[in-house]
Amino acid sequence: MTSPDTPHSLLEGLLDHGDAASWGRFVTLYEPLIRNWARPLIADGAIDDVVQEVLTTLLEALPDFRHNRRPGAFRSWLKTVTHHRIRRHWDRRARFEHVLEDLEDPEGGLSKAWDSEHDHHVLNLPLTLVRPEFEPATWLAFTRTVIDDRPALAVAEELGVFVNSVYIAQARALKRLRREGRGLIEIP
């Protein structure tokens, strides 16, 4: 007994993207088969996505498919496309799990980047809110010593002020930031 092949007329109808009837017949015929192939390999929550990816790939790649009336050519191509989409699903999942592991590890690069971005983001709000309350020279003395981590003496020389003025500017700005940032961040 020979195996049933995909009718060539159905494939030709699919090449005409305006032929909704051919696409409907194709989906009715192959969607359950693709789903059955994927079911043992893919969690139920992801099967719909994988099946949709297979069908989309088939529709997009069909113009390049050459049946040449070889028995089983389409079946083989369908199996290959399905296999690649299932493998891609697992590759993405493995990368995703790796990312989650890195995020959970306090010493992981992604975890450190997350912490740094969080701190930067949360610190910017109080800085933005407090900034208008200070004279430009006072704010500059604060940012140079606290944000840029420069020595107070070097900042005093740069700004042409006494070093004590730099310490006072730093203390005033930090006091105000502590009040504004209370509960959000720890400010030294």
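Take Arg176: its relative accessible area is 16%, so Arg176 is buried.

Now, what are we looking at? This is a predicted model, where local features need pLDDT of at least 70, side-chain atom pairs count only at pLDDT 80 or more, and totals for chains, interfaces and linings use all residues. Residues are numbered from 1 along each chain as its sequence is written, and side-chain values use heavy atoms, with hydrogens and water left out.

Let me begin with helix α2. When I say helix, I mean a DSSP run of H or I with at least four residues, numbered from the N terminus (strands would be E runs of at least two). Helix α2 covers residues 20-38, which is 19 residues. From first C-alpha to last, α2 reaches 25 Å, close to the 27 Å expected at 1.5 Å a residue. That expected span is 1.5 Å times one less than the number of residues.

So where does α2 bend? There is a kink of about 35° at Tyr30, shortly before the proline Pro32. The bend here is the angle between two fitted axes, one for the seven residues ending at that position and one for the seven starting there.

Which residues of α2 are buried? They are Ser22, Phe26, Tyr30, Glu31, Ile34 and Ala38.

Two of those bring us to the aromatics. Rings of Phe, Tyr and Trp (for Trp, the six-membered ring) pair if their centres lie within 6.5 Å; planes under 30 degrees apart count as stacked, over 60 as edge-to-face, and the rest as tilted. The structure holds four such aromatic pairs. In one of them, Phe26 and Tyr30, the ring centres are 4.9 Å apart and the planes sit at 40°, so this pair is tilted. Phe26 and Tyr30 are four residues apart in α2, about one turn of the helix. Ring pairs also bring in Trp23, linking Trp23, Phe26 and Tyr30 into a cluster.

Another pair is Phe134 with Trp139: centres 5.8 Å apart and planes at 35°, so tilted as well. Phe134 has 8% relative accessibility and counts as buried; Trp139, at 10%, is buried too.

Back in α2, let's look at Trp37. Buried or partly exposed? At 32% relative accessibility, Trp37 counts as partly exposed. Leaving out residues up to four places away in sequence, Trp37 touches Leu78, Lys79 and Thr82, where contact means heavy atoms within 4.5 Å. Trp37 and Ile86 are 49 residues apart along the chain, and their C-alpha atoms are separated by 9.7 Å.

On to the cores. A nonpolar core is a set of buried Ala, Val, Leu, Ile, Met, Phe, Trp, Tyr and Cys residues joined through side-chain atoms within 4.5 Å. The largest one has 20 residues, and those with the most contacts inside it are Ile34, Ile42, Val54, Leu58, Phe74, Trp77 and Leu78. Which elements give two or more residues to this core? They are α2, α3 (44-61) and α4 (73-104). The largest share, seven residues, comes from α3. As for Ile42, beyond residues up to four places away in sequence, Ile42 touches Ile47, Val50, Ile86, His89 and Trp90. There's also a second, separate core of eight residues, including Val130, Trp139, Ala173 and Leu177.

Last topic: salt bridges, meaning a side-chain nitrogen of Lys or Arg within 4 Å of a carboxyl oxygen of Asp or Glu. How many salt bridges does a search of the whole structure find? Eight.

One joins Glu107 and Lys112, at 3.3 Å from N to O. Glu107 counts as exposed at 56% relative accessibility, while Lys112 is partly exposed at 44%.

Then there's our opening residue again. Arg176 meets Glu180 in a salt bridge, 3.0 Å from N to O. Glu180 and Arg176 are four residues apart in helix α8 (residues 163-181), so about one helical turn separates them. Glu180 is partly exposed, at 27% relative accessibility.

And some bridges share partners: Arg144, Asp148, Arg150 and Glu158 are joined that way into one network. Glu158 is partly exposed at 37%, and Arg150 is partly exposed at 30%.

Methods
Buried < 20%, exposed > 50% of the residue type's maximum accessible area, 1.4 Å probe, protein only.
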